[in-house]
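Biologist: I am new to this structure. Please walk me through it.

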Amino acid sequence: METIEMLINELESEILKAKRAAFSNTDVVVNKTTVLDMLSRIRASYPLALKEAAQIRKERDEIMEKAEAYANETMDKAEEQARQMISQNEIIRRAQESAQEIQNEAAGHYQKMDYDARVLAFDLLNDVEKSIRGALTQINDRKNKLIND
């Protein structure tokens with residue numbers, strides 16, 4: 001699989017090996033088809049990063065759904081246990097404490113999974129953003145170099 005960096009390097013190589021235009025020290029003659037093909041391949045590489053970001057979001061949503069289902073199931077179990085223990089006051093008190101502990105545990109578990117999913121998604125999107133910015137910076141640097149040379 002071609003990376004944007006590889007394609008930019010290939011484009012740079014194509015420009016550096018190009019012949020100088022007549023009567024100019026800065027202009028070069030490049031193969032239009034080759035350069036346009038490289039630019040198309042660069043554009044085709046960007047959607048991959050976007051697909052990866054969408055996949056990360058989908059995984060985050062799945063984790064959140066599982067955490068919510070787990071929390072609901074746990075809360076339902078706690079409520080059912082509490083209903084079955086209504087016969088004596090002490091049993092009721094213990095059931096309520098247990099249910100609250102389970103609910104707190106489920107809520108904490110849900111919050112941790114939600115936080116972890118958000119951190120993962122943020123970090124991956126941040127990495128994609130840095131990569132794209134780096135590539136754009138490199139493109140601009142090389143364009144400026146071409147202009148200044």
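Modeller: Start with a term. A nonpolar core is a set of buried Ala, Val, Leu, Ile, Met, Phe, Trp, Tyr and Cys residues joined through side-chain atoms within 4.5 Å. Keep in mind that this is a predicted model.

Biologist: Which residues make up the largest nonpolar core?

Modeller: The largest nonpolar core has nine residues. They are Ile 4, Leu 7, Ile 8, Leu 11, Ile 15, Val 35, Met 38, Ile 42 and Ala 135.

Biologist: Which helix supplies the largest share of this core?

Modeller: Both α1 and α2 supply at least two residues of this core. The largest share is five residues, and these come from α1.

Biologist: Which residues is Met 38 in contact with, leaving aside neighbours within four places in sequence?

Modeller: Met 38 belongs to the largest nonpolar core. Contact here means heavy atoms within 4.5 Å. With that cut-off, the partners of Met 38 are Glu 10, Leu 11 and Glu 14.

Biologist: What is the volume of the largest pocket?

Modeller: The lining of the largest pocket draws at least two residues from each of α1 (4-16), α2 (32-84) and α3 (89-148). Its volume is about 330 Å³.

Biologist: Which residues are the closest to the centre of the largest pocket?

Modeller: In total, 17 residues line the largest pocket. They divide into 10 nonpolar, one polar and six charged. The closest to the centre are Leu 11, Ile 15, Ile 139, Arg 142 and Lys 143.

Biologist: Which helix gives the most to that lining?

Modeller: Look for the helix with six residues in the lining of the largest pocket. That helix is α3.

Biologist: Is Gln 138 buried or exposed?

Modeller: Gln 138 is found in helix α3. Setting aside residues up to four places away in sequence, Gln 138 touches Glu 5 and Ile 8. Its relative accessible area is 18%. The cut-off for buried is under 20%, so Gln 138 is buried.

Biologist: And Arg 20, is that residue buried or exposed?

Modeller: Arg 20 is found in strand β1 (residues 19-20). Its relative accessible area is 57%. Exposed means over 50%, so Arg 20 is exposed.

Biologist: Which backbone oxygen does the side chain of Arg 20 reach?

Modeller: Not counting residues up to four places away in sequence, Arg 20 touches Asn 25, Thr 26, Asp 27 and Val 28. The side chain of Arg 20 reaches a backbone oxygen at 2.5 Å, that of Asn 25.

Biologist: How many Å apart in space are Arg 20 and Lys 58?

Modeller: In sequence, Arg 20 and Lys 58 are 38 residues apart. In space, C-alpha to C-alpha, Arg 20 and Lys 58 are apart by 50 Å.

Notes. Residues are numbered from 1 along each chain as its sequence is written. This is a predicted model: local features need pLDDT of at least 70, side-chain atom pairs count only at pLDDT 80 or more; totals for chains, interfaces and linings use all residues. Side-chain values use heavy atoms; hydrogens and water are left out. On a 1 Å grid over the protein atoms alone, a cavity is a set of points where a 1.4 Å probe fits but cannot get out, and a pocket is an open set with protein on both sides within 12 Å along at least five of seven lines; lining residues have an atom within 4 Å of a point. Grid points are joined across faces, edges and corners, and a volume is the space filled by probe spheres set on the points. Helices (H or I, at least four residues) and strands (E, at least two) are DSSP runs, numbered from the N terminus. Ala, Val, Leu, Ile, Met, Phe, Trp, Tyr, Cys and Pro count as nonpolar, Asp, Glu, Lys and Arg as charged, and the others, Gly among them, as polar. Buried means under 20% relative accessible area, exposed over 50%, partly exposed in between (1.4 Å probe, protein chains only). A polar contact is a pair of N or O atoms within 3.5 Å; within protein, one must be able to donate a hydrogen and the other to accept it, and residues adjacent in sequence count only if both atoms are side-chain atoms.
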